[in-house]
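Colleague: I have a few things to ask about this model before I go on. Could you take me through some of the packing, one piece at a time?

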Amino acid sequence: MRALLYTGPNQMELADLPVPQSAEGEVLVAVHAVGICGSDMHAYHGYDDRRPAPLVLGHEAAGIVADGPRKGQAVAINPLVVAPDCPAAKAGRPHLSPTRAIISMPPRPGAFAEYVTIPERNLLPIPEGLSMRDAALAEPVAVSWHAVRIGLERLNQSAPRVLVQGAGAIGVAAALVARHMGAASIHVAEPHAGRRATLAPEVGIDTFDPASRDPGPDAFDLVIDAVGAKATRADASRLVRPGGVIVHVGLLPGQDGYDIRRITLQEICVTGSYCYTPQDFTDALAALGQGALGALGWVETRALDDGAQAFADLDAGNVDAAKIVLQVV
């Protein structure tokens, strides 16, 4: 089968690999579309010890079941694999399970390939009328759905003012989810002009360059940090109102930036957000199927065979789109 193989830092190549064999309880899926994630880029740079070369990356995928009782069914893949008898999984929080694993980490090859194996319980039927490309967005949208949902739950306020930091795929999806969930206003701070432009058609979402506009202290009730850098943590500390909520979902290196004194004196809630629950994934896929998250004009499609160039273009900052989805079929 054709596969995009990570062979070393900043190196991707198209390879011919054996079709993976399904273990007990797993099925083989013919991949049709798969997104490039920030974690794939992290591995591409050689920064992820969990993803050593050579390895097939990719975990944001949709395709057709190729074997078993569900053969022929169009499915979105939940790539988070957890032991079903784990207490965290039974409690509905498998993303916090010590058994959690994800395809694209050994021993599970990823989905930048014509085929991938996955436990059958990790497959969700694609809503009628939803394209494979858009179904592949279910995973990153679920990450954003989870971040916004837990932020709103902790805030416990109707119609909040929301700031999203970063207009990568997670930030863009978070802004769209916040709109869907009833935010009074949504602002997206993004220095890249091209990425700001991709959000321009979206009604009710204001984008700005944080280097040229300062909303001022206490401007927002809820801040979603989809970058996770020292500068965004510092801005979040200043821009959130007393009693507000900061959700930290970005995973850039470093821990500095938070104004701990202000967070303490103003009782600001800071919470991490990782992955999603099965219900988050289901809800995100349903919202995509209903067209509830807009026209998705922030997504660019390329062929799997052009995947190595897509990684190089992303690395060079030559892509305006928040997300590149590779079309396999």
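Colleague: Let's start with Ser273: does that one count as buried or exposed?
Modeller: Keeping in mind that this is a predicted model, Ser273 counts as buried, because its relative accessibility is 9% and the cut-off for buried is under 20%.

Colleague: Where does Ser273 lie, and which residues is Ser273 in contact with, leaving aside its neighbours within four places in sequence?
Modeller: Ser273 lies in the loop between β16 (269–272) and α9. Once the neighbours within four places in sequence are left aside, Ser273 is in contact with His146, Ala147 and Ile150, and also with Val247, His248 and Val249.

Colleague: OK, on to helices. At what angle do α4 and α9 pack?
Modeller: Helix α4, residues 138–155, and helix α9, residues 278–289, pack at an angle of about 115°, and their axes are 8 Å apart. That angle makes α4 roughly perpendicular to α9, and the crossing of the two is right-handed.

Colleague: Which residues in α4 and α9 meet there?
Modeller: On the α4 side they are Ala138, Glu139, Val141, Ala142, Trp145, His146 and Arg149, and these meet Asp280, Phe281, Asp283, Ala284, Leu285, Ala287 and Leu288 in α9. By type, the residues of this contact of α4 with α9 divide into nine nonpolar, one polar and four charged.

Colleague: And how do the axes of α4 and α5 cross?
Modeller: The axes of α4 and helix α5, which covers residues 169–180, come within 8 Å and cross at roughly 55°, and α4 and α5 are therefore oblique to each other. The crossing of α4 and α5 is right-handed.

Colleague: What makes the contact between α4 and α5, and how many of its residues are charged?
Modeller: From α4 the contact takes Pro140, Val141, Val143, Ser144, Trp145 and Val148, while α5 brings Ala169, Ile170, Ala173, Ala174, Val177, Ala178 and His180. The residues of the contact of α4 with α5 include no charged ones, and they divide into 11 nonpolar and two polar.

Colleague: Switching to rings, how many aromatic pairs does a search of the whole structure find?
Modeller: The search finds three aromatic pairs. In one of them, the rings of Tyr44 and Phe311 have their centres 5.1 Å apart and their planes at 50°, so the pair is tilted. This pair links distant parts of the chain, with Tyr44 in helix α1 (residues 38–44) and Phe311 in helix α10 (residues 307–316), 267 residues apart.

Colleague: Are Tyr44 and Phe311 buried or exposed?
Modeller: Tyr44 counts as buried at 5% relative accessibility, and Phe311 counts as buried at 0%. Together with Phe112, Tyr44 and Phe311 form one aromatic cluster.

Colleague: What about Tyr276 and Phe281, how are their planes set?
Modeller: Tyr276 and Phe281 form an edge-to-face aromatic pair, with 5.5 Å from centre to centre and 65° between the planes. Tyr276 is buried, with a relative accessible area of 1%, and Phe281 is buried with a value of 1% as well.

Colleague: Last one: where is Arg161, and which residues is Arg161 in contact with?
Modeller: Arg161 has its place in strand β11, residues 161–165, and counts as partly exposed because its relative accessibility is 30%. Neighbours within four places in sequence aside, Arg161 is in contact with Ser185, Asp218, Ala219, Phe220, Asp221, Leu222 and Arg241. The C-alpha atoms of Arg161 and Val223 are separated by 8.6 Å, although these residues are 62 residues apart along the chain.

How values were computed
Residues are numbered from 1 along each chain as its sequence is written. This is a predicted model: local features need pLDDT of at least 70, side-chain atom pairs count only at pLDDT 80 or more; totals for chains, interfaces and linings use all residues. Side-chain values use heavy atoms; hydrogens and water are left out. Axes are lines fitted to C-alpha atoms, for helices over the stretch in contact, and angles run from 0 to 180 degrees between N-to-C directions. Helices (H or I, at least four residues) and strands (E, at least two) are DSSP runs, numbered from the N terminus. Angles under 35 degrees count as roughly parallel, over 145 as roughly antiparallel, 65 to 115 as roughly perpendicular and the rest as oblique. A crossing is left-handed if the near helix is turned anticlockwise from the far one by less than a right angle, and right-handed if clockwise. Contact means heavy atoms within 4.5 Å. Ala, Val, Leu, Ile, Met, Phe, Trp, Tyr, Cys and Pro count as nonpolar, Asp, Glu, Lys and Arg as charged, and the others, Gly among them, as polar. Rings of Phe, Tyr and Trp (its six-membered ring) pair if their centres lie within 6.5 Å; planes under 30 degrees apart count as stacked, over 60 as edge-to-face and the rest as tilted. Buried means under 20% relative accessible area, exposed over 50%, partly exposed in between (1.4 Å probe, protein chains only).
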